[in-house]
Amino acid sequence: MSTAVSVLGTGAWGTTFAAVLADAGCRVRLWGRDEEVVTEITHGHRNTRNLPGVDLPAGVVATTDLDGAVRDAEVLAVALPSQSVREVLTPLAGRVRADGTVVSLMKGVELGTDQRMSQVLGEVLRVPPRRVAVVSGPNLAKEIAARQPTATVVAAEDESVAQRVAACCASGYFRPYTNTDVVGVELGGAVKNIIALAVGMAQGGGYGDNTKATIITRGLAEITRLGTELGADPATFAGLAGLGDLVATCASPLSRNHTLGAHVGAGRSLEDAVTATGGTAEGVKSCRSVLELAQRHGVDMPITAAVVAVLHEGLPVQAMTQALLSRPRKDERA
Ligand SMILES: NC(=O)C1=CN([C@@H]2O[C@H](COP(=O)(O)OP(=O)(O)OC[C@H]3O[C@@H](n4cnc5c(N)ncnc54)[C@H](O)[C@@H]3O)[C@@H](O)[C@H]2O)C=CC1
Ligand SMILES: O=C(CO)COP(=O)(O)O
C-alpha cells in the first residue's frame, strides 16, 4: 500500500511538492484554506493562483478539512509561511498519528522565539524531534513543477526517518539525498533567503557579478559561522542545502527574495516591493529573528545586519555598501 501523505499549504511549494509526492507514488491530500483553490486543484488539476500554467497529477486531491488531513496522514508535510505555522497548527496539537512523521518544507525562523520550523512543528503538534524531518535544497517550485531534474536534502535526526521521507518523494526527476544534520540543513535554507535579498539589492542598485559573487561567498561564510555555533556540521553548508540553495536563490529571477531585494535596490519602498513581488519572501521577516539568534550566540553576521537595517531601520540601500566595505579588515577564514 502506498504512503498516505498530507501537505498543508496550497502555495507554490506546497502544490509542487504534492505533485512530486504523487509522481513518486504516494496517496496525496493537499490542504488549503481557500475553497476556490481547493476545488480547482481537485477537479481541474490546476492551481491558477499560485502555480499558473502547471498541470497537476490527477492523484493530488485537495481539501479544506485540516483536522482530517492531519489525523489521517502517515507523513504530514507543512508548506505554510513560517510566521503563520504556530497560529494555524496550534488547534491540531496531539492529532498527528502516533507513528506519523512530520516534515517541514519551510525556510524561515519564527519571530519572537527564534525557533527553526522543525522546532515549531514539534512543539506545536507535540511530536518528538526524532519524528520531525526537513526538506531543503535548490528547489525553485516552478522548475520542479515542470519536472526539471532537481536534487534536495531530507534531514532528520534519525537516518531511517530521513530515508522514509526520501522514499516518498524520489522520482525520475527528483533526487533526495539524506542527512542527519537537521540544524545545518534548516539554517542553510532560511539564511540563504537573507543573502538573496542582499544580492537582489546589489543587482537592483546596478552592481555586477563581482559584487554578487562577493555577497554570495561572504554570505556562505556567515551562514556557516552561525550554523557551526549552533551545532551544525560545516560540511552541510558545502552541500545542496547550503551552497546549492544559495546559488539557485541568489541567481534566479524566480526567487521571491532575490526579486524583492532587486525592487528595494532599485529604490522602491519595502511595502511596494512586497506587493510587486507577490508570494512569500521569508527573508523579509526572518532576517530579524536570524540576527537576534546570531547576537544571542555572539556570531558576527554583517550582511544579515545590513539587510535588517535597510528593510526595517531606514538605512538607505546605498549606505549599505559603505557599511559593509568600511568594516575592519580581517583574515578571510576568521
Ligand atoms: N516557492 C518555492 O520555490 C519554495 C518555497 N519554499 C518555502 O515554502 C514555504 C511556503 O512557500 P510558498 O508555497 O512558495 O508560498 P506562497 O506564497 O506561494 O503560498 C503560501 C500559501 O500559504 C497560504 N497561507 C498563508 N497564510 C495562511 C494561513 N494563516 N492559513 C492557511 N494558509 C495560509 C496562502 O494562502 C498560500 O496558499 C516558505 O517557507 C518558502 O520559503 C521552499 C522551497 C521552494
Ligand atoms: O527556496 C527557494 C528555492 O530553493 C525559493 O526561493 P524564494 O522563496 O526566494 O522564491
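Let me begin with a convention: helices (H or I, at least four residues) and strands (E, at least two) are DSSP runs, numbered from the N terminus. What we have is a predicted model, in which local features need pLDDT of at least 70, side-chain atom pairs count only at pLDDT 80 or more, and totals for chains, interfaces and linings use all residues. Residues are numbered from 1 along each chain as its sequence is written, while chains are lettered from A and ligands numbered from 1 in the order in which they are written.

On that convention, the chain has 15 helices and 8 strands. Its radius of gyration is 19 Å, which agrees with the value near 20 Å that a compact globule of 334 residues would have; the radius is taken over C-alpha atoms, and the globule rule is 2.2 Å times the number of residues to the power 0.38. Buried residues make up 53% of the 334 residues, where buried means that 20 or more other C-beta atoms, placed from the backbone, lie within 10 Å of the residue's own C-beta atom.

Turning to the domains, the chain is divided into domain 1 (4–180) and domain 2 (183–325), with bounds that come from an automatic or database domain assignment. Their centres, taken over C-alpha atoms, are separated by 24 Å, and 26 residues of domain 1 are in contact with 27 residues of domain 2, contact meaning that two C-beta atoms, placed from the backbone, lie within 7 Å. On the side of domain 1 that touches domain 2, helix 5 (117–125), strand 6, strand 7 (150–155) and strand 8 (174–179) each supply at least two residues, and the largest share, 4 residues, comes from strand 7. That side divides into 12 nonpolar, 9 polar and 5 charged residues, with Ala, Val, Leu, Ile, Met, Phe, Trp, Tyr, Cys and Pro counted as nonpolar, Asp, Glu, Lys and Arg as charged, and the others, Gly among them, as polar.

An unreviewed UniProt entry places the feature "binding site" at Lys-107, Gly-137, Lys-192, Asp-245, Ser-255, Arg-256 and Asn-257; UniProt positions are in the numbering used here, feature names are shortened, and annotations may be inferred rather than shown by experiment. I will take two of these positions. Gly-137 sits in the loop between strand 6 (132–136) and helix 6 (141–145) and counts as buried because it has 24 C-beta neighbours inside 10 Å. Not counting residues up to four places away in sequence, Gly-137 touches several residues, including Thr-152, Val-153 and Asp-245. Arg-256 belongs to helix 11 (residues 256–265), is likewise buried with 24 C-beta neighbours inside 10 Å, and touches Thr-277, Gly-279, Thr-280 and Ala-281, with the residues up to four places away again left out.

Finally, Ala-141, in helix 6, is buried with 23 other C-beta atoms within 10 Å. Leaving aside neighbours within four places in sequence, Ala-141 is in contact with Ala-12, Trp-13, Thr-16 and Leu-51.

How values were computed: Buried ≥ 20, exposed ≤ 12 C-beta atoms within 10 Å, placed from the backbone.
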